[in-house]
Amino acid sequence: MHPQLLWELSAYLVMVHVFLLFFILFRSRYPRKKTYILAGIGIGILILINGIGVGIYGEVVGKWFLLTCTAPSLLLFLLLSRDRNFKFLFTFCLVDTVSLWITAVTLLADHYLGGGRYILLFVSRLLVFPLLEYIAYRFLRKPYAELQDSMAKGWGIFTGMTLLYYIILAILLYIPTSIVHRPKDVLLCVLILVLMVFNYATMFAALHGQILFYRRQQNERLLQEQKRSLEVQLENQQYIRKMKHDMRGHIVTLSGLFAAGKTEEAARYLHSMESEIEVFQRNYCANPYLNAVFSYYMPKFKEMDGSLRLDIRVGEEALPCMELCRILSNGLENAYDAVAELDRGQRQASVQMKYNRDYLILRIKNCCRKDLYVEKGSIPKTEKKGEGHGFGLTSIQEAAVRLGGEMLCYTEKGNFVLDVMIRNYQEVWL
């Protein structure tokens with residue numbers, strides 16, 4: 001095969017695999033099918049334009065690759081990306097830089113080991129890029145998504161370093177001519193390629209430490225939720241034991257009233273007993289799991305002279321009960337803590353659950369301090385001291401995302417509002 005044809009095929013190969021590698025790490029804001037269609041059209045146009053340029057102008061196109069392919073693909077994926085910040089830019093720059101690193105290594109290897117006939121160049125890229133994509137999909141995709149969820153800051157520094165390496169390599173490889181035609185610059189190029197390996201190894205070690213820290217936080221969060229669940233069960237058992245113990249006294253009292261012929265007093269006494277037991281045994285909704293959560297928090301609000309209003313419009317249909325109970329428990333616990341700091345007349349909270357087309361909407365609203373301000377889209381930090389706090393809203397957000405929905409919290413007219421929207425598709429929950 002003619003060397004020039006091999007070089008052109010290898011250039012096509014690099015472009016295709018760069019986009020494939022990016023797709024593995026990329027998080028789109030659109031459904032998968034729509035993302036594939038839009039990205040496929042855009043990528044196809046870019047590959048066609050750059051492929052024609054390579055066929056006409058050869059290696060000279062490498063000088064303008066930053067403008068003819070990198071910049072347009074950056075804009076394309078920015079429009080498709082869920083992340084519109086340094087997280088996206090780092091992913092984009094990382095994929096381009098790693099691909100450019102492989103391009104440089106295979107180009108130098110072909111020139112000095114393969115005689116410059118582009119056979120080694122083509123074969124090595126044909127093998128290395130699919131291997132890299134397999135490693136990225138099999139081992140890096142999930143941890144990288146986990147890292148993006150757990151790490152809010154620091155992406156700008158990593159992005160700047162990666163972008164700088166990309167610019168250095170792009171200039172060193174193709175300006176003013178290809179690196180293989182500038183023997184004096186080859187040693188500098190090799191040293192930079194080696195330096196990149198050490199720098200990226202250090203960076204990824206730091207990112208791996210961040211993932212481990214995030215997983216420890218998740219484990220602590222789960223332990224806190226398990227602890228809270230056990231505390232709920234323990235309090236319920238203690239309440240039942242107390243009722244059994246008190247029932248003996250009630251029976252003695254009622255027996256004395258009936259023996260004395262005081263039937264009206266006995267009826268009033270029975271009515272007061274019924275009101276007390278009703279708080280614990282009342283059915284707040286048809287779903288037994290959600291009802292258990294409400295049965296736990298309703299007495300807690302009543303004990304501190306607060307009110308918890310319920311507007312539950314769900315029945316016995318299939319629901320993601322485990323995640324919903326997790327959302328409700330965390331949301332009501334936060335509401336309870338918030339109103340407990342207020343005066344008695346302000347200790348009010350409410351829960352609404354209803355369907356809206358394809359979604360189940362859950363809103364928990366409670367009175368809050370006048371100086372509290374939470375902007376829509378942000379998650380307030382906990383003011384509780386000590387370990388084991390500050391996970392409630394994060395747990396709610398994670399549960400909502402797993403159910404194909406989202407969470408939004410904000411302050412409005414003296415109230416803290418927590419809105420959770422989850423998809424109403426049973427196949428997602430079963």
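Trainee: What should I know about the conventions, and what is the mean pLDDT of the protein chain?

Mentor: In this predicted model local features need pLDDT of at least 70 and side-chain atom pairs count only at pLDDT 80 or more, while totals for chains, interfaces and linings use all residues. Residues are numbered from 1 along each chain as its sequence is written, and side-chain values use heavy atoms, with hydrogens and water left out. The pLDDT is the predictor's confidence in each residue, from 0 to 100; the mean for the protein chain is 82, with 87% of its residues reaching 70 or more. Over residues 385-390, however, the pLDDT is below 50. Where pLDDT is low, the predicted coordinates should not be read in detail.

Trainee: At what angle do helix α4 and helix α5 pack?

Mentor: Helices are DSSP runs (H or I, at least four residues), numbered from the N terminus, and their axes are lines fitted to C-alpha atoms over the stretch in contact (heavy atoms within 4.5 Å), with angles running from 0 to 180 degrees between N-to-C directions. Here α4 (residues 86-113) and α5 (residues 119-150) pack at about 155°, their axes 11 Å apart, and are therefore roughly antiparallel, a term for angles over 145 degrees. Among the contacting residues are Phe90 and Ile102 of α4 and Val128 and Tyr144 of α5.

Trainee: How many disulfides does the count come to?

Mentor: A disulfide is a covalent bond between the sulfur atoms of two cysteines. With the cut-off of sulfur atoms within 2.5 Å, the count is zero. Cys367 is in no disulfide, since the nearest cysteine sulfur, that of Cys368, is 7.5 Å away.

Definitions and conventions
Helices (H or I, at least four residues) and strands (E, at least two) are DSSP runs, numbered from the N terminus. Angles under 35 degrees count as roughly parallel, over 145 as roughly antiparallel, 65 to 115 as roughly perpendicular and the rest as oblique.
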